[in-house]
Amino acid sequence: MMVCFIATLGQILLLGCISFTAANSITCQIYAAVGESVTLAFNYEGLAKLHTLRWTHDTTIIFLRQQGRVTIGKPEDITTTGSILLKSVKLQSEGTYRGDALHPNGTLAKTWTGQLCVMEKVSKPRLSYICDTNTVSLNCHVSKPQGLFFSWTLDKTTLSSETRQTLSISLSQLKEKSSFSCSVANKVSAESSETVQPICKAHTLCFKPNIVLGVLAGGAVLIFVLLIIITVLCCSYRRTKTKMQLSDKGEFNLLSVKKGEAESITRYENIHNVESCPSPSPQPSPRACYKNISKLDVKTETKPPQLSTAAEGQQPSPVPKPRTKNAKTPDI
């Protein structure tokens, strides 16, 4: 990619061109795994010893042969058609390679350019699964999953639509002995996991034994505490109810005594009023009778009782004697 800048200063025209290669625009023609050997094919059938053969890695010459004499590199690394063999490549071996064949007069006979990419081999994946409420979730574990291709196999049938690292299958679609495996691959290698047969039951929640025991113990403690609280509340309520009943009974007895005393006093006053109050005709009202009684009580308190002279002169009348059965009638 070429980017050109044009600047004008006065009447001077300055043209500067900057060229650079973007990393994202690099296209690999050849892939190789770390540690492997790879051959860069030149395939020039008319190559002779009089030709000049030169191979470069980026800007470094890695092989040079002129007039049949090798000055850089090893002769055994070159084939008869000019191809070069790269042994035990490393990550640092990737880059742009170029091969040129020149005639003895220096003109170009053939050229080849290619981009080599070196990658590490993928590791063997490990398959695991988790049973959910209605699904089973499978995970294909592998180190450095970036840039890898994933594929899934169900009962030896490749699931072409599944290319992610994880897979979810409904328990209704899961057969009794269904087997799963996953595979990972890159441009230079591929590996597959061991076959796994998930064992899941629909609508089943799996808990560890220690969790179950902890929940049961907690529930028992909670029930025991609730029983204690209920017992204490019942005893307190019964004690309070008993006290209220005794208090109500005492108040009722006190009211009964007071009521009885009031009735006795009323009865006594009624009797006293009846004896003291004369009953002339017409009969006076109870209020007048009460006033007369009050006046008599006042006079009695202020003046001592006196007997009349007539009463004093009178003698008590004789008391009649009862008749007897044996008494005889006197003769007349």
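**Strand pairing and aromatic contacts in the predicted model**

Strand β3 is joined by 4 bridges to strand β10 (residues 108-119), and these two strands run parallel; here strands are DSSP runs of E with at least two residues, numbered from the N terminus, and two strands pair if DSSP finds at least two bridges between them. Within this pairing, Ile30 has Leu116 of β10 as its bridge partner. The model is a predicted one, in which local features need pLDDT of at least 70 and side-chain atom pairs count only at pLDDT 80 or more, while totals for chains, interfaces and linings use all residues. Residues are numbered from 1 along each chain as its sequence is written, and side-chain values use heavy atoms, with hydrogens and water left out.

The open sheet consists of 6 strands in the order β3-β10-β9-β5-β6-β7, with mixed pairing. Because β3 (30-33) and β7 (69-72) stand at the edges with a single partner strand each, one side of each is left without a neighbour in the sheet.

Aromatic rings of Phe, Tyr and Trp (its six-membered ring) were taken to pair if their centres lie within 6.5 Å, with planes under 30 degrees apart counted as stacked, over 60 as edge-to-face and the rest as tilted. By this rule, 3 aromatic pairs were counted. Phe42 and Tyr44 form an edge-to-face pair, with 6.4 Å from centre to centre and 90° between the planes, and Phe42, Tyr44, Trp55 and Trp112 form one aromatic cluster. Both Phe42 and Tyr44 are buried, a term that stands for under 20% relative accessible area (1.4 Å probe, protein chains only).

Note on methods:
Buried means under 20% relative accessible area, exposed over 50%, partly exposed in between (1.4 Å probe, protein chains only).
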